[in-house]
Amino acid sequence: MRIQESAENYLETILILTRSGKPVRAVDIANELDYTKPSVSVAMKNLRESGHIAVSADGHITLTARGREVAQSMYDRHTLISEWLICLGVGKETAVRDACGMEHSMSEESFAAIKTHIENWRRNVPGGCRSL
């Protein structure tokens, strides 16, 4: 079952913040996304109820296996699509913004095809784009 784009963004943000090694709190997510604390609080409640995150007694947020799977998928899509667009000559800011929209709306089939194409291109194009 596919979850909403906003939930995917929250999960991806939690994954990214977790990589800093510091505990993730709702305020950190609000600051990172520039959202209000009440909005983040509602989203965290929904993600907790859907089994995507766990929240400790001291307010630290962690991804469940289910949440990590969604977050990692979005992160992988975002990273690959951003790098691909930059390699094609799109400016970094535009590429990152466009990748954010594309990562959520693209089917698994289309993403798999793009990923395969990029992997083949990497193997077959000597001196190709260095970011890929």
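Leaving out its neighbours within four places in sequence, Ser 82 touches Ala 95, Val 96 and Ala 99, where a contact is a pair of heavy atoms within 4.5 Å. Ser 82 sits in helix H4, which covers residues 65-87. (Helices here are DSSP runs of H or I with at least four residues, numbered from the N terminus.) With a relative accessible area of 6%, Ser 82 is buried; the cut-offs are under 20% for buried, over 50% for exposed, and partly exposed in between, using a 1.4 Å probe and protein chains only.

Before going on, a word about what you're looking at. This is a predicted model, in which local features need pLDDT of at least 70 and side-chain atom pairs count only at pLDDT 80 or more, while totals for chains, interfaces and linings use all residues. Residues are numbered from 1 along each chain as its sequence is written, and side-chain values use heavy atoms, with hydrogens and water left out.

Let's stay with H4 and look at its partner, helix H6 (residues 108-124). The two pack at an angle of about 50°, and their axes are 11 Å apart. Axes are lines fitted to C-alpha atoms, for helices over the stretch in contact, and angles run from 0 to 180 degrees between N-to-C directions. That angle makes H4 oblique to H6: under 35 degrees would be roughly parallel, over 145 roughly antiparallel, 65 to 115 roughly perpendicular, and the rest is oblique. H4 goes past H6 in a left-handed crossing, meaning that the near helix is turned anticlockwise from the far one by less than a right angle; clockwise would be right-handed. On the H4 side the contact includes Arg 77, Leu 80 and Trp 84, and on the H6 side Glu 108, Phe 111 and Trp 121 are among the residues taking part. Sorted by class, this contact has eight nonpolar, one polar and six charged residues. Here Ala, Val, Leu, Ile, Met, Phe, Trp, Tyr, Cys and Pro count as nonpolar, Asp, Glu, Lys and Arg as charged, and the others, Gly among them, as polar.

Arg 77 and Glu 108 form a salt bridge, with their closest N and O atoms 3.1 Å apart; the term calls for a side-chain nitrogen of Lys or Arg within 4 Å of a carboxyl oxygen of Asp or Glu. Because Arg 77 lies in H4 and Glu 108 in H6, the pair ties together parts that are 31 residues apart in sequence. Arg 77 is buried at 1% relative accessibility, whereas Glu 108 is exposed at 53%.

The whole structure has three salt bridges. Another joins Glu 49 to Lys 45, at 3.0 Å between the closest N and O atoms. Both residues belong to helix H3, four residues apart, or about one turn of the helix. Arg 25 also forms one, with Asp 28, at 3.1 Å.

H3 in turn meets helix H2. Their axes come within 9 Å and cross at roughly 120°, so H2 is oblique to H3, and this crossing is right-handed. Ala 26, Val 27, Ile 29 and Ala 30 of H2 meet Lys 37, Val 40 and Met 44 of H3, giving six nonpolar, no polar and one charged residues.

Finally, check the loop between H2 (26-33) and H3 (37-49), where you'll find Asp 34. Most residues other than glycine have a negative phi. Asp 34 isn't a glycine, yet its phi is positive, at about 60°. At a relative accessible area of 68%, Asp 34 is exposed.
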